[in-house]
Amino acid sequence: MAHLLVLLWFLVLWAQVVAQYEVCDSACQPPPANMKEVMQIRVDPPGITCGNPPERFCTLENPYLCSDECDASSPDLSHPPQLMGDRERGGLITYWQTVTWSRYPEPLLANISLSWNKSLELVDDIIVTFEYGRPTSMVLEKSLDKGVSWQPYQFYADDCLEAFGMAPKRVTDLSPSNVTRVICTEQYSGWVGAKEEKAVVLEVRARLAVLAGPKLLNMEAVYTRMETVRGLRDFFSFTNLRLRLLRPALGGTFVQPDNLLKYFYAISDISVPARCVCNLHAEQCVLSDATLQCACEHNTQGQDCERCRRGFESQPWRAGSYLPVGTGSANRCTHKHTHCECNGHSNRCSYIDFINVVTCVSCKHNTRGQKCQHCRQGYYRNTSLPLEDENVCVECECDAAGSVSPLCSVSGLCQCKSGATGRRCDSCLSGFTWRDGCTENVCDDERRPCQNGGTCVDSQRCLCAPPNTGLYCEQSVCGKKDGCLGGAEGSAYLMTSQLHLLTIGLIATTLC
Ligand SMILES: [Ca+2]
């Protein structure tokens, strides 16, 4: 029951922690699992497993009742290695067991190699459960490179100084600055009775608690340090594990050579709570051809999502980040932009993470837009040229005097002021004359001719032949000596000034 409660507590705790990074919109990672379900077990040296030939053994607590038997040919009496990783049902404990120490004083050595051949990251304590007593000394080792090289993870002995020349330590002695130190602990090796204490532990939670506090409330501190302290992630990572059993349980006394049938190793369970390392680029890890494989997202690939997919190498690959705490950063791989994708006007692009868009930057040749597919303001598209042509964007060149604005329409038409015309607004409509822009004509030959033989000068004024005067030479300045009719002058001036051309013919005939 206590075990179940502890397990539940783990699950709740880790559900809370994991929930922050469970979907791949940003940084994400697969849920933890008990990796014993998928580990490959190998034991060395050959013949170390008991039962071939059949062998009798006794226990440290019943040393003179040597009636138990190990027989590899009998399903009920055999103890093969896979019983360290099986699921036990109905309270029946199953375990791997070695031969007894009949070759004493030669040491009784056994190696157990656990292979996943996939980068994993511990999320909780490794617990190795020994039946019939825990070893007097052993080493837990790990490999980060699928078994090519090995390094110690933790030393275990009832006397660390004697067994390994190391001063004994506990994880609680560590501080944030040396939390990844490899220690020798005497906590799991002393004789307390085979049934009292069965577990040998690699303490992961206690190490995290050094950083995050005893209840792991400050996971922010852990994630921040995971990002900044390179060795911290590595410490909890491995591809393979190895147990080197160096000296069996002795029952709290010296080896008794007269009864060697009570010395052996027996392991019923190896619990490895871990998750696949996917560099924060996957939320699932799947078994494919008996090998664990991250289901990579963020345009990554590889067993650990450790590189960019082909065609998505516009920037170097990066692992996702736990920061900012809560969502993390995806650091996804982005499209490798060829010339064509910026239409030949840029060879640089950038990825805007929060809207998931790749955009060309520094578009040349007067282009702009996500793919340099538009013309800059003040330029228009020459539709007779392909989009990739360097001269595809033509300057509007709107005439400053004839145009409202220096910008033109997509087809290149400038917006003209009154009287101006042409694509660039650099010529004038009929009835207008260019004078730093188009000004309306006062007189011209077609619509506003000068009257009475007057000539139009620069479309601006009529040069009248005497005695005519007025804007269009429509009036006559009459004196008595000229013989014009008197008395009508005033009204004639008045009329012409008000009625203009419509009345010019009438005036001319009546007055002169
Ligand atoms: Ca078992």
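Mentor: What follows starts with the whole chain and then turns to one group of rings. The model is predicted, with a mean pLDDT of 87 for the protein chain and 88% of its residues at 70 or more. Over residues 4-19, however, the pLDDT is below 50, and this stretch has 14 contacts in the model beyond near neighbours in sequence. Residues 485-512 also stay under 50, with 21 contacts beyond four places in sequence.

The protein chain has 34 strands and 7 helices. Of its 512 residues, 43% are buried. Among contacts with a separation of 6 or more, 58% are between residues 24 or more positions apart.

Now the rings. The whole structure holds 14 aromatic pairs. One of them joins Phe57 and Tyr132 edge-to-face, with 6.2 Å from centre to centre and 75 degrees between the planes. Phe57 belongs to strand S3 (residues 55-57), while Tyr132 sits in the loop between strand S7 (126-130) and strand S8 (137-143), so this pair ties together parts that are 75 residues apart in sequence. Phe57 has a relative accessible area of 3%, which means that Phe57 is buried. Tyr132, at 25%, is partly exposed.

Tyr132 also pairs with Tyr95, again edge-to-face, at 5.7 Å centre to centre and 75 degrees between the planes. Tyr95 comes from the loop between strand S4 (68-70) and strand S5 (96-97), and this pair links parts of the chain 37 residues apart. Tyr95 counts as buried because its relative accessible area is 12%, under the 20% cut-off. Ring pairs join Phe57, Tyr95 and Tyr132 with Phe264 into a cluster.

Some other rings have a charged side chain over the face. Lys142 lies over the face of Tyr153, 4.7 Å from the ring centre. Arg242 is placed over the face of Trp150, at 4.2 Å from the centre of that ring.

Gly252 is in the loop between strand S12 (237-247) and strand S13 (266-271). Its relative accessibility is 63%, so Gly252 counts as exposed. Gly252 and Thr136 are 116 residues apart along the chain, and their C-alpha atoms are separated by 9.2 Å.

To return to the part you asked about, the cluster consists of Phe57, Tyr95, Tyr132 and Phe264. Within it, Phe57 is buried, Tyr95 is buried and Tyr132 is partly exposed.

Note on methods: Residues are numbered from 1 along each chain as its sequence is written. This is a predicted model: local features need pLDDT of at least 70, side-chain atom pairs count only at pLDDT 80 or more; totals for chains, interfaces and linings use all residues. Side-chain values use heavy atoms; hydrogens and water are left out. Helices (H or I, at least four residues) and strands (E, at least two) are DSSP runs, numbered from the N terminus. Buried means under 20% relative accessible area, exposed over 50%, partly exposed in between (1.4 Å probe, protein chains only). Contact means heavy atoms within 4.5 Å. pLDDT is the predictor's confidence in each residue, from 0 to 100. Rings of Phe, Tyr and Trp (its six-membered ring) pair if their centres lie within 6.5 Å; planes under 30 degrees apart count as stacked, over 60 as edge-to-face and the rest as tilted. A charge sits over a ring if NZ of Lys or CZ of Arg is within 6 Å of the ring centre and within 35 degrees of the ring normal.
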